[in-house]
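Please keep the sequence and the model in view while going through the numbered points.

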Amino acid sequence: MPDLDPALTKLTEGYLSWWDARQKKREVKDRPKGPLFHYTDGAGLKGIVADEKLRLTDISHLNDHKELNHGFEMALERLWHHGKGGGPVGWFCKVTSDAIQQRFSDRFGIFVASLSAAKDDLGQWRAYAMNGHGYSIGFSSRLFRISETRPTNDNEVYWIARVVYDERIARRSQHLAVDRAVRIISHAFASSLVPQRLTSRFLETMSVNLSVPILWNALTTKHVAYEAERETRLMMVNRVQLLAPFVETHVRNGEVVPFVALPLPMKRRGSLTNLIVGPASSSDSINGARQFLRSVGLEASVRLERSSIPYRTP
């Protein structure tokens, strides 16, 4: 497929520059200000702290594998709005809509870990921590400080963002991304900047570029019903072939689940703040957790406590 000429390259790269500028502002806004918590079971606790690796799960194997649809539907409705007029814009909207409905699986590897500003939340104990028998691990905000240098390996490049539960804000973000791409395409064709031999190339490039904000917005959007989780997401999104060497699998509830292990200095003093033992755990659980912290050299620096929730197993 032929390369784009300078005028079209300027348009396509201009779209990505616009998005990068927006993301830098959000990155500063979403930078963690306090501890973030991860709900897990005993095996997860050991893997995260003792092995100093946080598993990011393939997006298609999250507890609610349909949750991405909530954000995608907001983009699809806008693409339908612009695409019904046909022409180059209509073709572009159809190609992008098709990619969304395939969840961009042919373009990106997407792996996610869920963190929460709520250290002792009943719903998360039940959903993610063995029905209250697990643990809530507190991570210091300093663990996720933004580095000015790019990590050496592709499995060390991640983004962190607070989840948006306000549907109006989420919809506005998706519509803004689609509208800007459509304006660029409309301008290019109205100004006769797109020779026939480059039409497909230009529209496909713009579709790939638009997929970046659409995917990001979908990954950081959840239905308001989940608002109590106060989630912040740790995300690894890259081309499939770049992440492939780092993908491992484990078995969860009889299902083989792909993940990428993100190395983080968990044993470094100050990286962990709290370890909360679940409300349904046995009376010996605190002692077991204390011995675990001692074995990894963190007994003195990590606050150990038991959930304060009066709990009845459903």
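1. Helix α6 has 24 residues and reaches 34 Å from its first C-alpha to its last, close to the 34 Å expected at 1.5 Å a residue. The expected span is 1.5 Å times one less than the number of residues. Helices (H or I, at least four residues) and strands (E, at least two) are DSSP runs, numbered from the N terminus.

2. The model is a predicted one, in which local features need pLDDT of at least 70 and side-chain atom pairs count only at pLDDT 80 or more, while totals for chains, interfaces and linings use all residues. Residues are numbered from 1 along each chain as its sequence is written, and side-chain values use heavy atoms, leaving out hydrogens and water.

3. Which residues of α6 are buried? Among them are Ala-170, Gln-174, His-175, Ala-177, Val-178, Ala-181, Ile-184, Ile-185 and Ala-188. Buried means under 20% relative accessible area, exposed over 50% and partly exposed in between (1.4 Å probe, protein chains only). An α-helix has 3.6 residues a turn, so residues three or four places apart point the same way. The buried residues of α6 pack against α1, α3, α4 and α7.

4. At the start of α6, a side-chain oxygen of Asp-166 comes to within 3.0 Å of the backbone nitrogen of Arg-168. Just after the helix, Ser-192 takes a positive phi of about 55 degrees.

5. The largest nonpolar core has 39 residues, of which Phe-92, Phe-202 and Leu-210 touch the most other members. Two or more residues each come from α1 (6-30), α3 (68-83), α4 (87-101), β3 (108-116), α6 (167-190) and α7 (199-219). Helix α7 gives the most, with nine residues. A nonpolar core is a set of buried Ala, Val, Leu, Ile, Met, Phe, Trp, Tyr and Cys residues joined through side-chain atoms within 4.5 Å.

6. Leaving aside neighbours within four places in sequence, the contacts of Phe-202 (heavy atoms within 4.5 Å) include Leu-4, Leu-8, Ile-184, Ile-185 and Val-194. A second, separate core of 32 residues includes Leu-36, Tyr-135, Leu-143 and Leu-264.

7. Strands β9 (residues 272-277) and β10 (residues 303-306) pair in the parallel sense over four bridges; pairing requires at least two bridges found by DSSP. Asn-274 stands opposite Arg-303 in β10.

8. Met-130 lies in the loop between α5 (122-128) and β4 (135-139) and has a positive phi of about 55 degrees, although it is not a glycine. Asn-131, found in the loop between α5 and β4, has a phi near 55 degrees.

How values were computed:
A polar contact is a pair of N or O atoms within 3.5 Å; within protein, one must be able to donate a hydrogen and the other to accept it, and residues adjacent in sequence count only if both atoms are side-chain atoms.
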